[in-house]
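Biologist: Before I plan around this protein, could you take me through its charged contacts and its main pocket, one question at a time?

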Amino acid sequence: MAKVVCVLYDDPVDGYPTAYARDGLPELERYPGGQTLPTPKAIDFEPGVLLGSVSGELGLRKFLESRGHSLVVTSDKDGPDSVFERELVDAEIVISQPFWPAYLTAERIVKAARLKLAITAGIGSDHVDLQAAIDRGITVAEVTYCNSISVSEHVVMMILSLARNYIPSYQWVVKGGWNIADCVVRSYDIEGMDIGTVGAGRIGTAVLRRLKPFDVKLHYTDRHRLPDEVEKELGVTFHQTAAEMVPVCDVVTINAPLHPETENLFNEAMIGKMKRGAYLVNTARGKICNRDAIARALESGQLAGYAGDVWFPQPAPKDHPWRSMPHHGMTPHISGSSLSAQARYAAGTREILECWFEGRPIREEYLIVSGGKLAGAGAHSYSAGDTTRGSEEAAHFKT
């Protein structure tokens with residue numbers, strides 16, 4: 001029987017909820033483009049409840065224990081004395097979310113002699129040293145598409161929040177003010193702006209579709225060009241590289257996976273190519289942007305605003321400069337962990353586990369590494385290598 005270690009974020013500070021703002025979720029038939037939703041044989045949770053925190057357990061305990069497997073759930077993931085590191089030694093399966101990632105570094109993989117499967121309950125497996133997983137023959141899988149639309153909605157919200165100066169305006173209300181001039185001195189319409197996405201996969205394309213009705217001019221760059229009919233439908237202009245695209249854009253949104261080719265892509269040089277006063281939105285991965293270059297660009301005015309919900313490491317240390325830099329709209333990593341998304345990625349995680357235990361193939365679109373090589377979605381979107389270096393800084397959040 002398998003030992004499964006599941007790393008999830010902490011429960012709410014007021015305790016696990018007993019009631020919710022809404023009753024249930026809308027029922028979806030399929031994802032855009034026709035891909036089917038997760039298809040586990042059953043689920044042991046009510047869609048719309050908090051599944052991604054420790055007490056939610058992704059709805060997996062009954063399923064696993066009824067089949068004789070053991071489940072360890074913890075939020076304590078960073079540092080050599082963490083519960084995760086102790087339990088990893090004899091674990092066969094590790095489950096983690098991108099929002100509170102259990103970093104599977106090469107060093108940890110060496111210690112995990114029995115580890116065979118690493119599941120990302122969500123999208124984005126860069127918290128796993130993919131090269132080490134390839135070398136060890138560990139299967140890496142994620143629930144592709146489960147929260148792509150969730151993230152694309154978050155991107156549009158952040159673009160509008162930055163351009164319309166929403167957060168400072170809200171804060172004037174909270175402080176009891178009616179300071180219209182202070183609010184509007186940094187407020188602009190996005191109508192007529194040039195907006196570009198770095199990455200036009202499921203999330204990037206969904207962002208483009210949602211922005212088109214705002215009468216903006218759309219741009220994109222991606223290693224895979226969109227079909228001609230999609231480019232014409234969206235009226236979007238293709239650029240070979242990010243460096244070619246960013247000089248024409250008023251807003252740039254990053255929707256690409258993190259791998260060695262995208263790590264530190266938005267460094268001082270790339271930001272310097274952007275229009276003065278452009279906005280940058282990053283809901284992809286924090287390490288795609290250079291931490292200090294972003295803060296300097298906001299202080300100098302090269303960037304008018306930066307928003308995102310991805311940091312490196314996660315959780316970010318309390319002295320991380322993105323917490324205090326001017327004109328930012330940062331949130332914890334929440335864009336893909338709405339209650340709606342949780343129902344899908346919890347169901348997808350169970351589907352992957354059912355396939356694993358029953359010896360059935362895991363969906364090709366869920367695979368990142370399989371058989372000692374990049375596979376499925378991983379072969380399409382990633383390059384081999386390691387982007388976990390520096391993740392030990394996450395332990396500083398505790399101090």
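Modeller: A salt bridge here is a side-chain nitrogen of Lys or Arg within 4 Å of a carboxyl oxygen of Asp or Glu. Please keep in mind that this is a predicted model.

Biologist: With that cut-off, what distance separates N and O where the side chains of Glu261 and Arg223 meet?

Modeller: The pair needs a nitrogen of Lys or Arg within 4 Å of a carboxyl oxygen of Asp or Glu. Arg223 supplies the nitrogen and Glu261 the oxygen, and the N to O distance in their salt bridge is 3.3 Å.

Biologist: Is Glu231, which meets Arg225 in a salt bridge, buried or exposed?

Modeller: The side chains of Arg225 and Glu231 meet at 2.7 Å, N to O. Buried means under 20% relative accessible area. Glu231 has a relative accessibility of 11%, and therefore it counts as buried.

Biologist: Which residues do salt bridges with shared partners join into one network?

Modeller: A search of the whole structure finds 25 salt bridges, among them the one between Asp292 and Arg291, at 3.2 Å from N to O. Asp292 is partly exposed at 32%, and Arg291 is likewise partly exposed at 36%. Where salt bridges share partners, they form one network of Glu263, Lys287, Asp386 and Arg389.

Biologist: Turning to the largest pocket, which residues are the closest to its centre?

Modeller: The largest pocket holds about 1,100 Å³ of space. Its lining is made up of 49 residues, and the closest to the centre are Asp222, Asn255, Ala256, Pro257 and Ser381.

Biologist: Which elements give two or more residues to that lining, and how many of the lining residues are charged?

Modeller: The elements that give two or more residues are α5 (148–163), α8 (202–211) and α14 (376–381). By residue type, the lining divides into 20 nonpolar and 20 polar residues, and the charged ones number nine.

Biologist: Is Pro213 buried or exposed?

Modeller: Pro213 lies in the loop between α8 and β7 (217–221). Exposed means over 50% relative accessible area. Because the relative accessibility of Pro213 is 63%, this residue counts as exposed.

Methods: Residues are numbered from 1 along each chain as its sequence is written. This is a predicted model: local features need pLDDT of at least 70, side-chain atom pairs count only at pLDDT 80 or more; totals for chains, interfaces and linings use all residues. Side-chain values use heavy atoms; hydrogens and water are left out. On a 1 Å grid over the protein atoms alone, a cavity is a set of points where a 1.4 Å probe fits but cannot get out, and a pocket is an open set with protein on both sides within 12 Å along at least five of seven lines; lining residues have an atom within 4 Å of a point. Grid points are joined across faces, edges and corners, and a volume is the space filled by probe spheres set on the points. Helices (H or I, at least four residues) and strands (E, at least two) are DSSP runs, numbered from the N terminus. Ala, Val, Leu, Ile, Met, Phe, Trp, Tyr, Cys and Pro count as nonpolar, Asp, Glu, Lys and Arg as charged, and the others, Gly among them, as polar. Buried means under 20% relative accessible area, exposed over 50%, partly exposed in between (1.4 Å probe, protein chains only).
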